[in-house]
Each structure stands twice: as C-alpha cells, then as structure tokens.
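Let us take a friendly walk through a protein model. Please look at the sequence and the structure first, and then follow the text below.

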Amino acid sequence: RAKTGELEIKAPLSEAETAELETAAVMDGTRDAIRAAGERSRTEAVEVFTAPSERGLDFRVPQLEVLIEGELRLFDEPEAIDCPWSLPLYDATPTPEQLTRLGEAERVREGGEIDIDDERGRLTTRFSKDLQRDLELAYVPEHWTEAKLAAWCCRQIRDPSITHASKAAFVAAWLGNLLSTEGMDLARANRQKFLLRDLLDARISELRLAAVQEACQTFLFGEGREERVRVGAGHRYEFHPDAYSPDRDDQGEWGDYEFQKHYYPRIGRFDSGEEYECACWLDRQPEIDYWVRNLVRKNEASFYLQGATGRFYPDFVGKLRDGRMLAVEYKGADRWNDARPNRLLGELWEELSEGACAFVMVKGKQWDQIAAKIRG
C-alpha cells in the first residue's frame, strides 16, 4: 500500500519474484524486509488453498436409471423406452407451414424480373407468368397418378419404427388432403415431389418425437414409476478431478468473493449476478462439504437428469456433510413457470433416491428454500 508503506502478500512469492521486488526498493532495510517476507511466504506465512479435487476427495452423484426388460440402464435418451406407435390419420393434413414452403418453392421456380422504376426511383420485382408456365399448369403427367405418387413417397421415407401399412395410410391421406387445397393439382405435386417427400419425412419425424416424449413422460411420472425408475442403484456420475474445463472461467464479473469449497480450483462463469450470489451462499454453509458449478454438455464435468424433451443440467451440485448429494437450480421469478418440467425431474430424482439426494429449485433469492432442504 503506497500510503502506509505496507506490503500485503496474498500468495507465496517465488525467489525470482522476491528478487524483483527487492530491486524496486530504495533502502537497504526495505530490501531486507522484502527478502524475509518472501521467505516466510514460501514456508510459513501464507496458507495455500487446495481444492477438494486436488486433495483427491471423491465426488460421485447418483444418476437416474430405468429398468427395461429386466436390465437396469442409465437413462440418457428417451428412445431407450420402448414406444410402439402408429401414425395418427387425424394429423395427416398439410400444416400451414408446409403449404407456405410449397408456395415459396413454386414462386422461386417461376423466375422473376428485377428492374428500377425510373419515375419513382424504386427497385421492383415481378414474377413472370408466361406461356410455358401456363402449359406446365395444364399438363397432367401421363404415367403418374395420385396412388403412384403416394407409393413413391412411401418408398423414399425410411423409418423402421413404423409399419409400412401405417406409413402408407398416412402418406395417402396427407397427399389426398394436399391435392384438395386451392392451387394444388397432380401436375404441381409431381413437379414438387422431392419437396413433398422432405416435408412428409420431417412431419413423420416430428410426430414420432412427440409420441416418444409422451411415452417417456408416462414412463417417468405415471403410476407405478417406482417399479420402472431407480436412482443410483447401479450408476453414479463421477466428477473427475482433472476433467473440469468451462468455456469461460469466472473472472470476478459479479464480485470478488474467494470461494473455499468449490470442488475444482477453477470455476465456470456465472450466468447472472443472482446466480453468483447463490454460489456465495452455498459456499458459506457449514452443512456443505464441497460443491461444483455444474457445466452444460461437458461430458466429464456435467451432471444431468434426462427428461422427455432433453437433459436438465442443475446449476450447482454439492456433497453435504451428512453424505447426501444436493442439486440446486437457480431460477428468476420470471422464468419459474417455464422451468416446471425440470423442477418435476429434480423432484423425481430426490423422491426415488431413498434419502440419498436433495433437490431444490430456488425462486428468486429465497435462500431459505435451500436451507430448509439441507437442514431439514
């Protein structure tokens, strides 16, 4: 400190660093004091903080598992659940978005003309409708019928999860409904058959995903879930001591608190000041041994809970002194309702852990919600 002439050492000084400081001193007595302080910093004066991961402390968290055909498996994708399904014919109608795609493709195909309006000084665009276009609209392909076009689309769409009969019925109904819309006929459908195929393929994939998600939701939360879902019976996620690699480290954007219980010496950047405050609160709790700023989609540094629509990565995961594992998700009050699927997933993880896990989603800065969970 320049005003008081004091030197504060917060970390051990190497011999080279000490020598560099000595050269900056003017008086012999000051240089002697710096040399002695540097020596003490390396031997006795400064206690070096060592993160739990560096001390070799174990950090394994029970994971969500599912029992399928007698086999206990880590639940890491909804497709792991057997989901027999068929394409619903009530959905075999072109959506407004699909009709828009077809219309846009037709307009691009028509060609156009770009010009400058000399009188108004504006760029103008006009789509041409010449004789060739009129002839094409009037043309009916000789060797294509509605049934043949439907069969061609069926052969082009490959999805082993559905039967051929279900696919054929859906495609035929969808194509029939398309041909009944204004401005669409067999000639135009034939010209756009590759786009029709892509639209049908995407729609079938969309419906299949919806069916899988619905089945997954029933599997996880439906009656008798205790017989199908487990937590930590055979699978535990390990935070590897050397695998923490955030895209961005915390650089003190929200404050200069020195964390003492973070599992790794590095800590991933916080998304907001409120999330940072939550981390500071966690770090001060005597009931918590150590915790980690959980990362997203980082294989060996990301604990997650698989849900019907995706993976949920809680913001913080910690080990309590009583042996339980704690998962905390911070949510602002404005995002509380949207977070309901993840909240239910975390509560399921706690419920089925038989007391081994605790989960809390914090609404705003209500830290008492976490306190009640870890002390209750």
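**A tour of the model**

Four strands make up an open sheet with mixed pairing, in the order S6-S9-S10-S11. Helices (H or I, at least four residues) and strands (E, at least two) are DSSP runs, numbered from the N terminus, and two strands pair if DSSP finds at least two bridges between them. At the edges of this sheet lie strand S6 (288-293) and strand S11 (357-363), each of which pairs on one side only. On average, neighbouring strands here are turned by 20 degrees against each other, direction ignored. Axes are lines fitted to C-alpha atoms, for helices over the stretch in contact, and angles run from 0 to 180 degrees between N-to-C directions.

Before going further, please note that this is a predicted model, in which local features need pLDDT of at least 70 and side-chain atom pairs count only at pLDDT 80 or more, while totals for chains, interfaces and linings use all residues. Residues are numbered from 1 along each chain as its sequence is written, and side-chain values use heavy atoms, with hydrogens and water left out.

Strands of a sheet pair through backbone hydrogen bonds, either parallel or antiparallel. In which sense do strand S9 and strand S10 pair? Strand S9 (residues 316-320) and strand S10 (residues 325-331) pair in the antiparallel sense, over four bridges. Within this pair, Gly318 stands opposite Leu326 in S10. Two helices pack on the sheet. Helix H10 (residues 340-351) touches S10 and S11, and its direction makes about 155 degrees with that of S11; contact means heavy atoms within 4.5 Å. Helix H11 (residues 368-375) touches S9, S10 and S11, with its direction at about 170 degrees to that of S11.

Now look for empty space. Rolling a probe the size of a water molecule over the atoms shows where empty space is left. The search uses a 1 Å grid over the protein atoms alone: a cavity is a set of points where a 1.4 Å probe fits but cannot get out, and a pocket is an open set with protein on both sides within 12 Å along at least five of seven lines, while lining residues have an atom within 4 Å of a point. Grid points are joined across faces, edges and corners, and a volume is the space filled by probe spheres set on the points.

By this rule there is one cavity of 30 Å³ or more. The largest cavity has a volume of about 40 Å³, and its lining includes Leu282, Trp291, Phe316 and Val328. Which classes of residue line the cavity? Eight are nonpolar, one is polar and none is charged. Here Ala, Val, Leu, Ile, Met, Phe, Trp, Tyr, Cys and Pro count as nonpolar, Asp, Glu, Lys and Arg as charged, and the others, Gly among them, as polar.

The largest pocket holds about 340 Å³ of space. It is lined by 14 residues, and the closest to its centre are Arg269, Asp271, Arg293, Leu295 and Val296. This lining divides into four nonpolar, two polar and eight charged residues. The second largest pocket holds about 250 Å³, with Phe49, Asp250 and Tyr257 among its lining residues.

Another open sheet has three strands in the order S2-S1-S5, with antiparallel pairing. Its edge strands are S2 and strand S5 (229-238). Strand S1 (residues 60-68) pairs with S2 over four bridges, and Val66 has Arg73 in S2 as its bridge partner.

Finally, side chains of opposite charge can pair when their charged atoms come close. The whole structure has 19 salt bridges, each a side-chain nitrogen of Lys or Arg within 4 Å of a carboxyl oxygen of Asp or Glu. One of them joins Asp91 and Arg203 (3.7 Å, N to O), residues that lie 112 residues apart in the chain.
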